Amino acid sequence: MLVVNVALLCSSGAALAVAARQTPPPRPGSWSEPELIYETSDEIEQPTVITDVFGGTHVLWRQTEQDATANTEPLESIYYLTNQEGQWTTGADVVAMSTAVGPHGVVDGNGILHVVWIGANRTLYYSSVPVSVASSALEWSTPQVIDSANLHTDVAVDQAGVLHV
């Protein structure tokens with residue numbers, strides 16, 4: 001049995017929900033009711049669901065701080081949460097930058113989450129963290145510049161454990 005999870009961005013742009021479906025489904029078209037997993041007054045964009053070979057489900061997204069009193073550019077951060085033993089963790093700000101577009105990730109066979117995103121001036125960044133401590137920003141590797149990027153990027157790992165961006 002395979003379970004498919006989908007992240008749903010609520011119409012307010014400030015909440016995330018997930019729905020799941022078994023394949024093959026017990027009955028055609030049967031998705032679970034969406035479950036609210038995170039809510040904020042900030043703006044949420046680009047949620048990405050990642051599953052790993054250990055049965056874990058991980059969600060990454062970009063969140064923009066909405067501070068109406070600040071005279072500076074809004075801060076964009078990459079947020080992370082996971083489903084541990086049927087319970088969703090609290091969303092955690094794990095990478096903060098002035099720009100953080102399209103976080104995409106993959107978990108390798110050793111339980112390491114690899115994430116790429118586009119920063120200011122279309123700079124492609126990479127960071128990694130063991131999934132067991134991914135909710136702690138202090139455990140993430142220092143973001144590394146890979147190269148310049150176009151508007152879309154992704155990361156995958158092959159059967160030999162080699163990352164492909």
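**Rings, charges and one threonine**

Searching the whole structure turns up 4 aromatic pairs. Keep in mind that you're looking at a predicted model. There are also 2 salt bridges to find, plus a threonine, Thr48, that sits in strand S4.

**Aromatic pairs**

- Start with Tyr38 and Tyr79, whose rings make a tilted pair, 6.0 Å from centre to centre with 50° between the planes.
- That pair links distant parts of the chain, as Tyr38 belongs to strand S3 (residues 35-39) and Tyr79 to strand S6, 41 residues apart.
- Both of these tyrosines, Tyr38 and Tyr79, are buried.
- Now go to Trp117 and Tyr125: their ring centres are 5.7 Å apart and their planes are at 10°, so this pair counts as stacked.
- Trp117 is buried, with a relative accessible area of 0%, and Tyr125 counts as buried too, at 16% relative accessibility.
- Ring pairs also bring Tyr38, Trp61 and Tyr79 together as a cluster.

**Salt bridges around Arg62**

- Arg62 pairs up with Glu45 in a salt bridge, and their closest N and O atoms are 2.2 Å apart.
- This bridge links distant parts of the chain: Arg62 is in strand S5 (residues 57-64) and Glu45 is in strand S4, 17 residues apart.
- Arg62 also forms a salt bridge with Glu76, where the closest N and O atoms are 3.7 Å apart.
- Here Arg62 in strand S5 meets Glu76 in strand S6 (residues 76-84), so the bridge ties together parts that are 14 residues apart in sequence.
- Through shared partners, the salt bridges join Glu45, Arg62 and Glu76 into one network.
- How buried are these charged residues? Arg62 counts as buried at 11% relative accessibility, and Glu76 is buried as well, with a relative accessible area of 14%.
- Glu45, on the other hand, has 24% relative accessibility and counts as partly exposed, because buried means under 20%.

- Strand S4, which covers residues 43-51, is where you'll find Thr48.
- Thr48 has 16% relative accessibility, so it counts as buried.
- The Thr48 side chain reaches the backbone oxygen of Pro103 at 3.0 Å.
- Leaving aside residues up to four places away in sequence, Thr48 touches His58, Val59, Leu60, Pro103 and His104.

Methods. Residues are numbered from 1 along each chain as its sequence is written. This is a predicted model: local features need pLDDT of at least 70, side-chain atom pairs count only at pLDDT 80 or more; totals for chains, interfaces and linings use all residues. Side-chain values use heavy atoms; hydrogens and water are left out. Helices (H or I, at least four residues) and strands (E, at least two) are DSSP runs, numbered from the N terminus. Buried means under 20% relative accessible area, exposed over 50%, partly exposed in between (1.4 Å probe, protein chains only). A polar contact is a pair of N or O atoms within 3.5 Å; within protein, one must be able to donate a hydrogen and the other to accept it, and residues adjacent in sequence count only if both atoms are side-chain atoms. Contact means heavy atoms within 4.5 Å. A salt bridge is a side-chain nitrogen of Lys or Arg within 4 Å of a carboxyl oxygen of Asp or Glu. Rings of Phe, Tyr and Trp (its six-membered ring) pair if their centres lie within 6.5 Å; planes under 30 degrees apart count as stacked, over 60 as edge-to-face and the rest as tilted.
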